[in-house]
Amino acid sequence: AAPPGSGKTASGLVAFLASAEKYDETTSFTHYLYLAFQNNEDENFRVAGSQKLSWSLVNAETQGGAFAVECLKRLLAAESGEKRTIDLDVNPPPRPETKKTLKRLLDKNFPEGARILIHVDEHRKMLPLVPGREVESAAFRRGFLETLANAERVEVFATYTELPVEIPSDASSATCRIPAPVPPLDVDQVIAEFDELQNPTAKTAATRRKPAGEQERLQATLKFRLAARLTKVGLLGVHLDKAGKLGTNLKTNDFAHFCHEFAATAAQADNFTHALQQCVAFCALPPFPLNKKVDPNAVNLLLGISDDNTEASDDDNLVRQIRDVVVIRSADPNVNMLTSSLWRLLSIDDERYRVYAAGQNLLETALTSPGLLSGTPLERAYAWVLSCLSAKRGFLQFAGSPVFNITCATLEAGRFFDGNDVTAYDADKLEPGVMYYVVEPPDHPRADIFFRTEKNEVVLIDVGGSFLPGKINPKKNKLVRWIQEQRKLSFRGIVSALWRRIQGQPKVSFHGVVLAPFVKGQSETKDGVTVVRGEDALQLLGGLRQLSRWLIN
């Protein structure tokens, strides 16, 4: 189940191709069959005579099974158009006979050893809506799906915009229980394909007079918003003429209209920075509703749920059916995660953890604020996930770093340093149990997120969205030098240490963390600084890892 235009249909073929790439005669698919009930022009299958649907649930299931076999017959015979509208069988054969008919059909059309993936798309649309007959209609579809799923050598992949009502959420079934990944929008590829969506470059590089930091934040924000807007607009209306340009029918093509408006907005700007600002404002989404639906599973979904943990869990709040499910694949198949779509995560709340709503608001404003943001969307994503992770677990650990005991109760805006002076700070003002995200401008050196632990450790986190090691290493070096300087005895340090000893307070210690999710390499801890690279850093994004293509600078 996933929203319209999110890639459900494509995900079936992606699953099939992925299976073929990693061929195994016992698990890989050899054939892909597509049964569509909507959005497939003349190739949709339909039931005629839905008023003949049986009032008996058992008989309705039997009718659904017979309809499944008839659909498969016509698909394999390459029949289309009117021949895909099938009369409802009032007296269908018994289900054992239907099962035998299906077996003969498969044996006739597929070689021995074939493994068939049948994609049933928009299955809720196979039967026209009959008021007051929702239960019998669900039984009909259940019979359809189970007949195909119970056939030898067959796996059924069913997709629709809502969770399946054909199977109770508390029932065990082999049908509709294996989630499949929906291909995420590759915003870089879309931008590369359409000139209208190229990042505003203005007229010449000489027009770039603003500080690079501001431009980088604007570019990161623009890419994030553009990706979000494109998923809302939808890519189904994309069509190209022979010259490779967008079609001109802007009234019927929302995507083309958006692209032309985007290009026009950039063209009106005076310089590069102004073009970025204008396009960031143009791509802003409308404000999200203030009233969120309470979901006790919200934090679990944000952090990501192990895909082998949906059948049984010690967490009573973990539900088996996930609305708008998103599967996050990683390099290690043992850490694949389930979450919900970004839009679902932004529409729910978890009353057990106040920091969920605070972090949610950070990412919402990254999509809706008309002006320049404080920090990048990647920094805000990490602030949301890390605050909720510490609230749930009571600690944070970054790859090989020490364990930092913090049970985050509040996520607040703040600054550790006074302006850009890295010697001007007061660690005592930081409250345990609070995670801080930096408010800019001006730029904040050394850290984008910081907190103080129960053991008087101050942890400074610097987030790097670049894939270039040359942009990440300076972050590490600056943190190392700063921490070493704090360890030197100065007059201020001696006074502070004596005062703490008089008060019976432990000495403040410092640790640095650099999060570099797009830089390859091993994570390391050295000289009081932990650099978390690649897969280790991506895992710390939890369910927001689904947005990783949108967050890279």
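Biologist: Which residues of α11 are buried?
Modeller: Val355, Tyr356, Gly359, Gln360, Leu362, Leu363, Glu364, Ala366, Leu367 and Thr368. Buried means under 20% relative accessible area, with a 1.4 Å probe and protein chains only. This is a predicted model: local features need pLDDT of at least 70, side-chain atom pairs need 80 or more, and totals for chains, interfaces and linings use all residues. Residues are numbered from 1 along each chain as its sequence is written, and side-chain values use heavy atoms, without hydrogens or water.

Biologist: How far does α11 reach from its first C-alpha to its last?
Modeller: 22 Å, for 15 residues, 354-368. That is close to the 21 Å expected at 1.5 Å a residue. The expected span is 1.5 Å times one less than the number of residues.

Biologist: Switching to Arg533. Why does it count as buried?
Modeller: Because its relative accessibility is 12%. Arg533 sits in strand β19, residues 529-533.

Biologist: Which backbone oxygen does its side chain reach?
Modeller: That of Gln522, at 2.7 Å. Arg533 also has Asn473, Ala516 and Glu524 among its contacts beyond four places in sequence. Contact means heavy atoms within 4.5 Å.

Biologist: Now α2 and α4. At what angle do their axes cross?
Modeller: Roughly 50°, and the axes come within 7 Å. Axes are lines fitted to C-alpha atoms over the stretch in contact, with angles from 0 to 180 degrees between N-to-C directions. The two helices are therefore oblique to each other. Oblique is what remains after under 35 degrees (roughly parallel), over 145 (roughly antiparallel) and 65 to 115 (roughly perpendicular).

Biologist: Which residues make that contact?
Modeller: Including Leu57, Phe67 and Leu72 of α2, and Val135, Phe140 and Leu148 of α4.

Definitions and conventions
Helices (H or I, at least four residues) and strands (E, at least two) are DSSP runs, numbered from the N terminus. Buried means under 20% relative accessible area, exposed over 50%, partly exposed in between (1.4 Å probe, protein chains only). A polar contact is a pair of N or O atoms within 3.5 Å; within protein, one must be able to donate a hydrogen and the other to accept it, and residues adjacent in sequence count only if both atoms are side-chain atoms.
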